[in-house]
Amino acid sequence: MAKYMLIMRSTDEDLAKMADISFDEMLATVGRFNEELIQAGVLVAAEGLDDPAQGVVVDFGGETPVVTDGPYGETKELFGGFYIIEVASKEEAVEWARRMPSLGGGKCEIRRVPSVDEFPQDNEWIARERAWRERTGQL
């Protein structure tokens with residue numbers, strides 16, 4: 001089994017379409033999908049994100065980090081939330097993403113989440129991370 005992140009991305013136009021959907025309808029639609037993931041035993045985590053205008057960007061492009069309010073000015077698509085699922089293959093992750101409700105449009109990017117086992121186990125920092133994951137019940 002492997003973990004995959006399903007990253008929900010939306011444009012301003014997609015978000016405008018979502019504004020026409022009642023919050024109760026949105027919760028019911030997403031809730032039904034979440035229940036399917038739970039019943040299938042594949043859901044690890046799922047979170048939506050707050051309005052990008054409430055966010056902060058830390059830009060490391062210069063000599064020192066620069067902090068600005070809000071999303072990047074030229075962003076065409078914004079990261080709106082994610083699911084982490086644990087499934088047998090990338091193909092299975094794609095099938096779950098295809099079933100995801102599309103409220104207003106948007107896209108879903110699918111990325112595998114490597115496990116701590118895939119990194120050099122003789123590295124001090126990996127050993128520390130492994131110990132932390134064991135202490136917190138993640139392994």
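Is serine 115 buried, partly exposed or exposed? Select serine 115: at 31% relative accessibility, this residue counts as partly exposed. The classes are buried under 20% relative accessible area, exposed over 50%, and partly exposed in between (1.4 Å probe, protein chains only). Serine 115 sits in the loop between S6 and H4.

**Ground rules**

This is a predicted model, where local features need pLDDT of at least 70, side-chain atom pairs count only at pLDDT 80 or more, and totals for chains, interfaces and linings use all residues. Residues are numbered from 1 along each chain as its sequence is written, and side-chain values use heavy atoms, with hydrogens and water left out.

**Whole chain**

Switch to cartoon. The protein chain has 4 helices and 6 strands. Their order along the sequence is β-α-α-β-β-β-β-α-β-α. Helices (H or I, at least four residues) and strands (E, at least two) are DSSP runs, numbered from the N terminus.

Zoom out. The C-alpha trace spans about 55 × 50 × 25 Å along its principal axes. The radius of gyration is 18 Å, while a compact globule of 139 residues would have a value near 14 Å. That radius is taken over C-alpha atoms, and the globule rule is 2.2 Å times the number of residues to the power 0.38. Buried residues make up 20% of the 139 residues.

**Core**

Select Leu37, Tyr83, Ile85, Val87 and Trp96. These have the most contacts inside the largest nonpolar core, which has 13 residues. Such a core is a set of buried Ala, Val, Leu, Ile, Met, Phe, Trp, Tyr and Cys residues joined through side-chain atoms within 4.5 Å. S1, H2, strand S5 (78–87) and H3 each supply at least two residues of this core.

Centre on valine 87. Leaving aside neighbours within four places in sequence, valine 87 is in contact (heavy atoms within 4.5 Å) with Met1, Ala2, Tyr4, Val42, Glu92, Ala93 and Trp96.

**Salt bridges**

The whole structure holds 8 salt bridges. Each is a side-chain nitrogen of Lys or Arg within 4 Å of a carboxyl oxygen of Asp or Glu.

- Arginine 9 and glutamate 109: their side chains meet at 2.6 Å, N to O. The pair links strand S1 (residues 2–10) with strand S6 (residues 107–113), 100 residues apart.
- Arginine 99 and glutamate 36: the N to O distance is 2.2 Å. Arginine 99 lies in helix H3 (residues 90–99) and glutamate 36 in helix H2 (residues 23–40), so the bridge ties together parts 63 residues apart in sequence.
- Arginine 133 and glutamate 129: this bridge is 2.7 Å, N to O. Both residues lie in helix H4 (residues 124–135), 4 residues apart, about one turn of the helix.

Now show Arg9, Glu109 and Arg111 together. Salt bridges that share partners join them into one network.

**Surface**

Finish with Val56, Val58, Phe60 and Val67. They make a nonpolar surface patch of about 400 Å². Patches use residues with over 30% relative accessible area and no salt bridge; like charges are joined within 9 Å, nonpolar side chains (Val, Leu, Ile, Met, Phe, Trp, Tyr) within 5 Å. Areas come from the Shrake-Rupley method with a 1.4 Å probe; for residues, only the protein chains shown count as cover.

Phenylalanine 60 is in the loop between strand S3 (56–59) and strand S4 (66–69). Phenylalanine 60 is exposed, at 63% relative accessible area.
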